[in-house]
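Q: I've got a model open and I'd like to learn how to read it feature by feature. Can we walk through it together?

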Amino acid sequence: MNYLKHIGKYFIMLRQVFKKPQKWSVFRELLFREIDDLGLKSMGIIMFISFFVGGVVAIQTALNVDSPFIPKYLIGFATKRGIILEFAPTFMSIILAGKVGSYITSSMGTMRVTEQIDALEVMGINSLNYLVLPKILAALFFYPILILLSMFMGIIGGYYAGLLTDLFYSEDYIYGIQLDFDPYYIKYALTKAVVFAFVITTIPAYHGFYVKGGSLEVGRASTKAVVWTSIVIILLNYFLTQMLLG
Amino acid sequence: MIEVKDLYKEFNGSTVLKGISTTFEKGKTNMIIGQSGSGKTVFLKCLLGLHIPEKGIISFDGRIQSELGIKERRQLRQDMGMVFQGGALFDSLTIEENILFPLKMFTDKSKSEMLDRVNAVLNRVKLENVNNKFPAELSGGMQKRVAIARAIVMNPKYLFCDEPNSGLDPRTATVIDNLIQEITDEYQIITIINSHDMNSVMEIGEKIIFLKNGINAWEGTNEEIFETENEAVVEFVYSSNLFKKVREAYLSKTK
């Protein structure tokens, strides 16, 4: 029953979020700030993780297909498929749920407990629209770019793993990543990225906005937000995969 | 004038405000006092429109809060300034950006006009060279002054303060009290202060409202509070030996 209450409250929150901004010039400023905070500042970690995970995927595949009957170019092929279809859109989103989600919940929760949200309301500002809408739009715009970057870095990581370990030849790897390339998979991955971007911003915003108490509750809300965002991403991933690839 | 008639507010079946009626006049500093849990904050939040009362009327110069449409309500809120207990300054913005904020949101003034206004209110609260600092870089007293500057930057008609002196040393608290009273006189606004600080009450309380268990148990001026025989008020206000002695001295002097 309590879960239903939260789900209802979440959708009521969204109704307040999707209202016309009170002043476009202020909104534009906030949007650029959020693109910087939520997007640009995540590029480093995304590139780092993707590069090394791409390398690990290539090494693991190479070690597991060590048979003279399996062509080596399948290592590049499998790495590409794994990264484009699952690793970049889904697991990067879970990493972003941890990094960005906890940032959103803790910053909004702190604003709540220090009465900064009340201050906005007293001024006659729709605080949900002012605080959450720029975050959602920034994420919807920038996360697909981050996911594309993650795909690129993952595949590059696999290439360098081959070069450094001599487990496969770079020519085979390059042939493998070009083999049977279907642009629909990129579209599929970006569709997931957009859906997950919405989840990564709105669920933590909900937990931060409605937090009650002090700093301890803000910490708890951040943890809860990351857990619930990850659960929702995993569930949606299943349904989206079934819908888009099934 | 702000008029409150028969105000009731409930939370989860428990009635916090039980039929409060009072008036607040222009150019006066009004203090709301009472024990923790007496309904002071809920009352203030009802006046601010942050809580919707179950019953009763709140009228701001004839504008009845519950009958206002979204636009009129927003206009009413722009006529209000609020100083929160902790200041509630936006910690990601500089002092200048904090005070600019309402101007940017609600006016079409040029950047230079807005900056002139920011500097004018900062001068009014006697703060200099703080424009580019962040709230965390200022002392508690300075943060309160910035909060007052932000509250008056839109020339409000009504100024609300929630415990403006909490966490301040007695000297800084007096500075803040005097500043609020001067601003009330100068701008001829209605100021309503929620306070536990009896020094403030005695110093600047032109009208004092004592709430007890959600009821308006006593009303009077800062002189009448010395003479009142209301047991609840006497017990609350003169709970410390110092204030008991002050009262005795006042009464022996006037008799």
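Q: Let's begin with the interface. How much area do chain A and chain B bury between them, and how much of it is on carbon and sulfur atoms?
A: Keep in mind that this is a predicted model. In it, chain A and chain B bury about 1,900 Å² between them, with 61% of that on carbon and sulfur atoms.

Q: How many residues does each chain bring to the contact?
A: Chain A puts in 18 residues and chain B puts in 24 residues.

Q: What should I look for in the way of charge pairing across the interface?
A: The general idea is that side chains of opposite charge can pair when their charged atoms come close. Here, the rule finds three salt bridges across the interface of chain A and chain B. One of them to click on joins A:Lys23 to B:Asp108, where the closest N and O atoms are 3.4 Å apart.

Q: And how many residue pairs are in polar contact between chain A and chain B?
A: That count comes to six residue pairs, both partners being at pLDDT 80 or more.

Q: Which elements of chain A give two or more residues to the side that touches chain B?
A: Those are helix H2 (24-39) and helix H5 (116-122) of chain A. H5(A) gives the most, with six residues.

Q: Now the surface. Which residues form a nonpolar patch there?
A: In chain A, the patch is formed by A:Met1, A:Tyr3, A:Leu4, A:Ile7, A:Phe11, A:Val227, A:Trp228, A:Ile231, A:Leu235, A:Tyr238, A:Phe239 and A:Met243, and together they have about 1,400 Å² of accessible area. Helix H1 (2-17) and helix H9 (215-245) of chain A are the elements that give two or more residues to the patch. H9(A) gives the most, with seven residues, and A:Trp228 lies in that helix.

Q: Back to salt bridges: how many does the structure hold over all chains?
A: The total is 16. B:Lys55 lies in strand E4 (residues 55-60) of chain B and B:Asp6 in strand E1 (residues 2-11) of chain B, so the pair ties together parts that are 49 residues apart in sequence.

Q: What about the backbone: which residues other than glycine have a positive phi?
A: Two to look at are A:Asp180, with phi near 50°, and B:Asp61, with phi of about 50°. A:Asp180 lies in the loop between helix H7 (170-178) and helix H8 (183-209) of chain A. B:Asp61 is in the loop between E4 and strand E5 (63-64) of chain B.

Q: Last one: how many helices and strands does chain A have, and what are its spans along the principal axes?
A: Chain A has nine helices and zero strands, and its pattern along the sequence reads α-α-α-α-α-α-α-α-α. Its C-alpha trace spans about 70 × 40 × 35 Å along the principal axes.

Methods: Residues numbered from 1 in each chain as written. Chains lettered and ligands numbered in written order. Heavy atoms only, no water. Contact = heavy atoms within 4.5 Å. Buried area = accessible area lost by both parts, 1.4 Å probe. Salt bridge = Lys/Arg side-chain N within 4 Å of Asp/Glu carboxyl O. Polar contact = N/O pair within 3.5 Å; in protein donor to acceptor, adjacent residues only side chain to side chain. Helix = DSSP H or I, 4+ residues; strand = E, 2+ residues; numbered from the N terminus. Patch = residues over 30% accessible without salt bridge, like charges linked within 9 Å, V, L, I, M, F, W, Y side chains within 5 Å. Areas by Shrake-Rupley, 256 points an atom, 1.4 Å probe, with all protein chains shown as cover.
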